[in-house]
Amino acid sequence: MAEFDRISSAEDLEGLSKREQIGALRDAYENQTSWLAKGTIRGSGEFVRSGFSKSHFPLELVQNADDEKATTIQFEYDEKAGELRVFDDGRGFDREGVIAVCQQGRSRKESDKQIGFMGIGFKSLFEVCDRVDVHSNGYHFGFDTTDENGDSDQSSVPGFLRPEWVGEDAAPDGPSLASGRFEDGPTTTIVGHVSETDGIKTALETDNLSPSVFLFLDSLEQVLVRSVSGDVDRTLGGERSTAFDDESVQRASEMYESEIKTIATSDEADGDEKPPLPDQPVETRTLRHDGEAERYVLFRNGWRPDDVERPQFREDIDKSDLFVALRLDEEGRLCGSDGSIRVSPLFSYLPVNQYRDTNLDFVVHADFDLTLNRQDIRGESEWNKRVVGELRRQVLRPVAQTVANHEMWHSQLEYIVPEERGSEGLIHERLLAEFVEELELMPLLIVAGDLDEDADPGLVAPENAAIIADDVVELLAPATIHHETGTWPVTPEQHAVVNRIEGYSDEIELTDILANLSADTLADREMDWFRRAFVRCAGFDPKTESVPTEEVLTEELTAGDTIRAAFTNEIIPIEGDELVAGAEKKFLWGDVKLQPEGGYEGLKDDVQELTDEPVVDSTLFSGEWGHVVRRLFEEMGAEVLTTSELLAQAASNGTLSDISAARIAESYANESTVNKTASKLLKELELSGAADELLTEIEDDPDPETIGGALERWAVKNWSTIAEGDRLAVLRYLKSRLKEAEEEELDIDGLENIKIPRKNGDEWVATGRLLFPKDFNPEYPYEILREEYATVFSDRRGEKYCFVDPTIINDDPDDWRTLLKKSLGVRDEDTNKELSGKIGEAFARERLEDRGITIVADNSDRLQEGWDLKDEAGNFYEVKSRVGRVQNIDLEGKQFKKLVGAEEGDYEYYVISIQNSLRPENTEIQDISDVADVLEAQDELSFDPENTDNEISLRSSVDWRKQEN
């Protein structure tokens with residue numbers, strides 16, 4: 001039109017009415033006026049339009065409202081009318097704004113102060129609308145993407161750049177839904193005539209228009225989303241705060257500010273221009289959505305670009321802000337993004353859609369060089385390469401250092417570590433992957449365990465740290481773990497940090513440590529340390545678990561390959577304070593021996609001197625958890641070295657003689673296979689005599705199961721040299737052995753030759769001289785007999801018969817009596833034959849003298865043969881005594897010869913039978929027989945042929961008697 005011919009620049013619009021300004025702008029396009037038409041050809045417009053997602057427009061409008069200092073923006077959707085209405089209370093459109101919205105690649109906004117700068121965000125509406133009208137500050141204009149006939153104009157400037165005046169009457173009166181939200185009414189109203197109804201609701205839903213848009217906005221406080229149908233009813237809000245009620249945030253602010261000041265000072269020292277620090281480096285943002293709230297802490301820093309090439313259309317940018325935001329929980333701790341209402345971890349004022357699925361727990365913002373549709377970051381842009389480097393250096397690293405040193409947040413350090421990174425792409429490689437590489441070298445992690453002051457490394461870098469199992473940290477000092485593995489153990493709450501940086505590395509278990517632990521490190525460990533270590537290897541935790549029963553051990557304890565591998569190292573304590581490997585070859589345990597359940601006791605200190613095989617220190621198996629360790633060793637195949645095997649080895653290698661007999665006896669006493677009776681004797685022996693002889697017997701037969709036989713042989717052979725206490729112990733052992741055998745007597749060679757103590761004296765005498773004292777003799781009153789026949793109990797050498805010392809009979813009199821009578825030969829019944837005969841002779845003498853017969857000789861000296869008494873008339877008397885009743889008469893050969901002589905000579909020969917000889921109250925002469933009586937009873941006579949003279953035999957005497965008759 002001719003009226004606009006003079007318009008050659010934006011300044012020429014001054015003085016025109018707002019309607020005229022719109023007309024001039026439209027005219028400029030229609031007439032291809034160069035000042036406005038640059039970059040607005042049809043193809044360029046289609047590129048811009050087709051690049052936008054159908055759901056992107058709300059974000060662009062929110063951004064524009066914030067740039068215009070709006071506090072509220074409201075979206076209303078009337079599906080039936082096909083209208084989208086947008087209201088905000090910002091500064092609204094002015095002439096420059098109108099010109100900008102009619103162009104692309106141009107904006108009235110300052111590049112480093114406002115979000116929009118290319119004049120293309122408004123165009124995103126045309127992805128869902130054919131026509132858009134704007135009513136703001138007296139401007140009432142619209143854009144239509146179709147021609148008068150409804151067909152797309154393929155040859156002219158696109159309709160979304162050519163404004164047309166629509167008039168005030170076309171403007172809505174205000175919001176029809178959620179009215180009253182604008183105190184002075186909206187300053188800008190946009191009405192879109194919807195062409196893509198399917199995209200509208202999606203654009204206004206949570207996963208697209210999220211409260212996270214408030215993270216990096218400056219003025220906007222509220223976004224309202226309503227639909228006339230009621231299907232959509234959302235209220236989003238954001239609150240900014242630089243005053244911290246939360247002490248944790250205040251502390252973080254101080255620490256972070258110190259970090260970025262250090263960077264600035266370093267830059268200045270390097271000759272670079274010192275960038276101005278932000279007025280408020282740390283602030284919090286509270287994001288609200290339909291009653292739910294999330295709080296973030298934002299860390300800010302700024303940088304001044306030097307000679308790097310600026311983004312297209314933004315050559316004037318001279319400074320840029322960088323942000324990192326971390327989510328806070330209700331207690332002021334850092335937390336992850338799970339369940340967060342944020343839509344993307346990467347922002348360039350608004351969420352960058354391309355990275356919405358990138359797995360990060362923090363949000364980064366920078367002034368990226370974006371594609372025209374603002375959905376992607378230009379990967380080859382030198383500006384962007386510089387931006388990601390400055391993001392790492394000036395924000396991410398200071399934030400990581402702040403969190404690592406924070407009293408509360410250090411345990412949530414993993415949230416600043418990217419879980420996702422890659423080897424391709426500007427963000428995944430240059431930002432995330434390289435940031436992780438930097439983190440690996442930074443001192444961030446707290447060392448677990450108790451640190452000595454001299455060995456405290458402070459915070460350590462992840463490259464020098466590892467996830468070490470709790471039981472390892474408990475058992476080994478951190479400095480020791482570092483010495484052994486080259487890494488420091490990390491506190492459990494920071495395990496996630498190591499996992500994220502190292503790519504979820506395996507935890508270093510106790511078995512891993514033990515498999516490589518040096519002997520020097522173990523040299524000064526107490527036995528309790530080894531016991532606890534091995535209990536943990538067995539899979540039990542004494543701190544949290546009760547002592548397992550045998551049933552539980554059977555079900556749960558298994559020795560897998562990792563445990564076996566650990567025990568091939570020199571970690572097993574053996575007797576003698578040495579350490580050995582569990583196997584010469586992996587998983588084989590033939591070279592490690594266990595002690596018997598009861599140990600070797602007396603040999604404990606000499607075990608390794610007796611054998612060349614490594615024997616595990618028995619102390620390892622003591623205490624309430626000791627049986628678990630033993631079962632672990634058994635599960636791995638370790639075998640018991642029995643006492644007999646040990647001593648057999650000692651005997652063969654000549655080391656047994658170096659060990660005292662007392663200690664060897666003590667060891668056998670606690671060997672499980674030793675008979676209990678023998679074990680009791682071994683424990684009682686003092687071995688102050690004949691000790692070497694006992695060693696000899698054991699060397700000949702070291703088998704624990706037959707040790708009783710060795711003890712018996714030793715005792716019998718060396719009875720006279722064995723100490724008195726040991727002899728008494730042996731007697732008690734013999735008594736128990738007899739009862740245990742359930743026999744009448746013991747079958748032990750030489751047992752009858754031992755001596756036992758006599759009563760009322762310290763002498764030990766042969767058992768043949770001993771009688772039972774009254775207390776232990778229910779049948780024969782030996783004390784009474786001794787008083788009555790004193791001469792019988794003595795001979796010219798003194799006391800011939802004496803009594804067993806009753807003090808040795810300490811229990812079970814019947815058992816003692818059986819032992820002493822049957823096995824040891826103490827006189828009673830058959831063994832009392834001699835005593836019975838002597839008392840019978842004395843009794844017969846008294847009775848003969850009572851009858852007036854004077855006895856002039858006896859046979860006590862055994863010089864005479866064939867008779868016991870002789871009277872003054874020269875007659876002879878043979879006395880036959882029995883402890884009971886006399887059943888028959890036994891005449892030996894000499895006695896028979898004397899009897900035969902009585903037939904020819906001038907003397908008489910009598911046989912006197914005495915019954916009950918050892919029972920004084922019942923002793924009596926049962927019969928007195930002369931020669932005739934004897935010969936008459938010859939068929940009942942018996943004699944011992946060995947005692948009969950060669951010339952006399954039973955047959956010849958019988959023949960002689962018949963001849964005489």
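These are my notebook entries on what I looked up in this structure, which is a predicted model.

**Entry: cysteines**

I searched the whole structure for disulfides and found 0. C335 has a relative accessible area of 14% and is buried. C537 is also buried, with a relative accessible area of 7%.

**Entry: the sheet and its helices**

I traced an open sheet of 5 strands with mixed pairing. I noted the strand order as β28-β29-β30-β31-β32. At the edges I found β28 (855-858) and β32 (924-929), each of which pairs on one side only. Direction ignored, neighbouring strands of this sheet are turned by 25° against each other on average.

I went on to one strand pair within the sheet. Strand β29, residues 869-871, and strand β30, residues 876-881, pair in the antiparallel sense over 2 bridges. Opposite L869 I found Y877 in β30.

Which strands does helix α28 touch? I listed β28, β29, β30, β31 (909-915) and β32. Helix α28 covers residues 833-850 and packs on the sheet, its direction making about 130° with that of β30. I then took helix α29, residues 893-904, which also packs on the sheet and touches β30 and β31. The direction of α29 makes about 135° with that of β31.

**Entry: F876 and its surroundings**

I stayed with strand β30 and looked up F876. F876 and Y907 form an edge-to-face aromatic pair, 5.1 Å centre to centre with 85° between the planes. What does this pair tie together? F876 lies in strand β30 and Y907 in the loop between α29 and β31, so the pair ties together parts that are 31 residues apart in sequence. I recorded both F876 and Y907 as buried.

**Entry: other aromatic rings**

I counted 25 aromatic pairs in the structure. One of them is W529 with F530, which is edge-to-face at 5.1 Å centre to centre and 85° between the planes. Both W529 and F530 are buried.

I also noted one aromatic cluster, formed by F93, F122, F126, Y139, F141, F143 and F160. For a charge over a ring I looked up R630, which lies over the face of F621 at 5.3 Å from the ring centre.

I placed Q401 in helix α8, which covers residues 382-405.

R536 lies in helix α15, residues 527-537. I read 13% relative accessibility for R536, so R536 counts as buried. Which residues does R536 touch, not counting residues up to four places away in sequence? I listed D471, E474, L510, D541, P542 and K543.

Notes
Residues numbered from 1 in each chain as written. Predicted model: local features only at pLDDT ≥ 70, side-chain atom pairs only at ≥ 80, totals over all residues. Heavy atoms only, no water. Disulfide = S-S within 2.5 Å. Buried < 20%, exposed > 50% of the residue type's maximum accessible area, 1.4 Å probe, protein only. Pairing = 2+ DSSP bridges. Helix = DSSP H or I, 4+ residues; strand = E, 2+ residues; numbered from the N terminus. Axes fitted to C-alpha atoms, helices over the stretch in contact; angles between N-to-C directions. Contact = heavy atoms within 4.5 Å. Phe/Tyr/Trp six-rings, centres within 6.5 Å; stacked < 30°, edge-to-face > 60°. Lys NZ or Arg CZ within 6 Å of the ring centre and 35° of its normal.
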